[in-house]
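Visitor: I have a model open and some questions about its packing. Can we go through them one by one?

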Amino acid sequence: MMLEPPMKDLLTQVPSRYELVNVVACRARQIASEAEEAGIPLEDKPVSMAIREIASGEANIGE
């Protein structure tokens with residue numbers, strides 16, 4: 001199974017794998033919470049959405 005996006009792309013945004021796990025988990029919880037409050041059904045899993053945001057640079061890592 002291939003991870004998409006590749007780990008090397010994710011690690012260009014976050015300095016370590018441990019921090020990456022924490023950032024992804026935090027952002028995934030935010031996504032799920034925002035969707036639940038707005039009553040919007042998610043088409044994809046919050047973790048997958050968070051990973052794509054981090055890889056593309058859309059997520060604010062320092063927050």
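**Packing questions**

Guide: E43 has a relative accessibility of 85%, so it counts as exposed. This is a predicted model.

Visitor: Where is E43 found?

Guide: E43 is exposed, at 85% relative accessibility. Its C-alpha atom is separated by 22 Å from that of P6, 37 residues apart along the chain. As for its place, E43 lies in the loop between α2 and α3.

Visitor: Is A28 buried or exposed?

Guide: A28 is found in helix α2. Its relative accessible area is 6%. The cut-off for buried is under 20%. A28 is therefore buried.

Visitor: What distance separates the C-alpha atoms of A28 and V47?

Guide: A28 touches P46, V47 and A50, leaving out residues up to four places away in sequence. A28 and V47 are 19 residues apart along the chain. Their C-alpha separation is 4.9 Å.

Visitor: Which residues does A50 touch, not counting those up to four places away in sequence?

Guide: A50 is among the residues of α3 that meet α2. A50 also belongs to the largest nonpolar core. With residues up to four places away not counted, A50 touches V24, R27, A28 and I31.

Visitor: How are α2 and α3 oriented to each other?

Guide: Two packed helices are described by the angle between their axes and the distance between the axes. For α2 and α3 the angle is about 120°, and the axes are 8 Å apart. Roughly perpendicular ends at 115 degrees, and roughly antiparallel starts over 145. The pair is therefore oblique.

Visitor: What is the handedness of the crossing of α2 and α3?

Guide: The helices pack with their axes 8 Å apart. The crossing of α2 and α3 is right-handed.

Visitor: How many charged residues are in the contact of α2 with α3?

Guide: On the α2 side, the contact includes L20, V23, R27 and A32. On the α3 side, it includes P46, M49, E53 and I54. By class, this contact has twelve nonpolar residues, no polar ones, and charged residues numbering two.

Visitor: Which element gives the most to the largest nonpolar core?

Guide: This core has eleven residues in all, among them L10, V14, A28, A50 and A59. The elements giving two or more residues are α2 (17-38) and α3 (46-56). With five residues, the top contributor is α2.

Visitor: What is the relative accessible area of I54?

Guide: I54 is found in helix α3. Leaving aside neighbours within four places in sequence, I54 is in contact with L10, Q13, V14, L20, V23, V24, A59 and I61. I54 is buried, and its relative accessible area is 1%.

Visitor: What separates the C-alpha atoms of I54 and L42?

Guide: I54 and L42 are twelve residues apart along the chain. Their C-alpha atoms are separated by 18 Å.

Technical notes: Residues numbered from 1 in each chain as written. Predicted model: local features only at pLDDT ≥ 70, side-chain atom pairs only at ≥ 80, totals over all residues. Heavy atoms only, no water. Core = buried A, V, L, I, M, F, W, Y, C linked by side-chain atoms within 4.5 Å. Buried < 20%, exposed > 50% of the residue type's maximum accessible area, 1.4 Å probe, protein only. Helix = DSSP H or I, 4+ residues; strand = E, 2+ residues; numbered from the N terminus. Contact = heavy atoms within 4.5 Å. Axes fitted to C-alpha atoms, helices over the stretch in contact; angles between N-to-C directions. Parallel < 35°, antiparallel > 145°, perpendicular 65-115°, else oblique. Left-handed = near helix turned anticlockwise from the far one by under 90°. Nonpolar A, V, L, I, M, F, W, Y, C, P; charged D, E, K, R; others polar.
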